[in-house]
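Trainee: Here is the model I would like to go through. Can we take some local features in turn?

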Amino acid sequence: MYVADSRTPTAPASADGAARPPAGRPPAAVAPTVFALGAVSLITDVSSEMVTAVLPLYLVTGLGLSPLGFGLLDGIYNGFSALVRLVGGHLADRGGGRHKWVAGLGYGLSALCKPLLLLVHTLTPIGLVLAADRTGKGLRTAPRDALISLSSTPETRGRAFGVHRAMDTAGALLGPLAAFVILRATVDGYDAVFTVSACVAAVGVLVLVLFVPNTPPKNPETETVRPTLRAAVALLARRDLRRITICALLLGLATVSDSFVYLLLQRRLGVPDRWFALLPLGTAAAFLLLAVPLGRLADRVGRQRVFLAGHGALLTAYCLLLTSWHGTALPYAVLLLHGGFYAATDGVLMAAASEGVPRELRSSGLALVQTGQAAARFACSLGFGAAWTLWGDRTALLVSTAALAAGAAACLWLRPVPGSPA
């Protein structure tokens with residue numbers, strides 16, 4: 001018997017399907033399932049961020065790709081999952097409580113892609129491997145977030161997502177550090193990074209299988225909506241979810257990829273190549289420190305306010321990169337704001353989108369929002385890479401800054417009805 005299958009009887013659920021503690025037992029601030037999923041994400045992020053930390057330099061410096069070519073690959077890496085997120089969400093909902101196994105399929109596919117990076121050295125095969133890796137991410141993200149949502153109460157959902165994202169980001173913090181150490185200690189640095197990354201990813205899949213419980217089976221008597229594709233798309237008829245999805249799409253269209261932010265910092269400050277892999281550590285450290293406090297704040301003051309404030313932090317970071325300031329504090333300020341942006345938006349968006357979506361379609365509802373955001377960021381990577389190639393990095397960033405400001409203003413106008421948790 002798997003460790004994950006040894007469970008206490010299912011706790012009663014709230015009206016929206018969230019787990020409630022048994023009578024007489026004080027409610028836990030964060031469910032054990034959230035910590036188990038956080039451990040899986042921590043380990044998996046060590047693996048994926050090892051690759052992400054060296055990939056821009058490997059492609060641009062090692063393989064000589066242009067900014068446009070890198071923008072295409074980076075768009076694939078960050079946006080291809082948009083094509084399969086709805087599939088992953090739908091499979092989990094249709095499977096009658098198989099969120100864990102659909103997520104496991106996604107984690108396993110991504111793990112298998114890591115060693116393939118050792119064998120490919122040209123644009124097309126690298127793009128195919130990255131597309132397969134992001135397919136795995138697309139399959140797992142919505143079922144994983146649905147597990148977090150279903151195991152939490154509405155009052156603590158922001159905190160639960162904050163705890164998960166903090167653990168996830170601890171892996172993002174350790175991954176670039178591990179890549180830096182490996183690059184410094186080995187002769188064939190990139191190959192060594194890809195090999196170690198594959199081994200760590202396999203450990204993450206094992207932890208998921210052993211320690212993450214399945215979702216309890218659905219009760220047909222309480223099921224209000226049949227989990228069909230038509231019902232999933234019909235969720236957009238819900239006013240709050242539709243507006244949250246539109247906001248995620250609009251703001252995603254102006255969210256410059258992390259890799260471009262680090263390349264811009266390197267160019268502004270003349271960071272040596274050997275130190276490049278450490279730049280993501282600043283973003284990850286800020287994300288780690290702020291994810292839980294901002295998740296709790298979102299539960300108290302409103303998730304939309306915190307979500308838009310996070311984009312305000314990102315807008316400030318862009319403005320700093322556009323100034324002529326070259327002080328030693330510049331990278332710290334930009335990376336702090338960059339990490340604060342993720343802490344205020346990533347888990348908070350999923351907590352807001354969970355409200356009002358029935359249990360039977362929770363994974364599909366979250367996938368709708370994630371799909372809009374991922375597709376928009378894919379388009380932004382392509383557009384930013386093309387603008388950099390044609391007009392230079394400063395003009396490209398100026399356009400993105402203006403677009404982000406316009407998107408934030410539109411989202412202020414589109415905000416859900418006052419008093420809603422979003």
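Mentor: One definition comes before the rest: buried means under 20% relative accessible area, exposed over 50%, and partly exposed in between (1.4 Å probe, protein chains only). This is a predicted model, in which local features need pLDDT of at least 70, side-chain atom pairs count only at pLDDT 80 or more, and totals for chains, interfaces and linings use all residues. Residues are numbered from 1 along each chain as its sequence is written, and side-chain values use heavy atoms, with hydrogens and water left out.

Trainee: Is leucine 177 buried, partly exposed or exposed?

Mentor: Leucine 177 lies in helix H6, residues 157–185 (helices are DSSP runs of H or I, at least four residues, numbered from the N terminus). Its relative accessible area is 38%. That value falls between the 20% and 50% limits, so leucine 177 is partly exposed.

Trainee: Where is glycine 392 found, and what distance separates its C-alpha atom from that of proline 67?

Mentor: Glycine 392 is in the loop between helix H14 (362–391) and helix H15 (393–413). With a relative accessible area of 21%, glycine 392 is partly exposed. Along the chain, glycine 392 and proline 67 are 325 residues apart, but their C-alpha atoms are separated by 9.7 Å.

Trainee: Which helix supplies the largest share of the lining of the second largest pocket?

Mentor: A pocket is an open set of points on a 1 Å grid over the protein atoms alone, where a 1.4 Å probe fits, with protein on both sides within 12 Å along at least five of seven lines; lining residues have an atom within 4 Å of a point. Helix H11 (279–301) and helix H13 (330–354) each supply at least two lining residues. The largest share, four residues, comes from H13.
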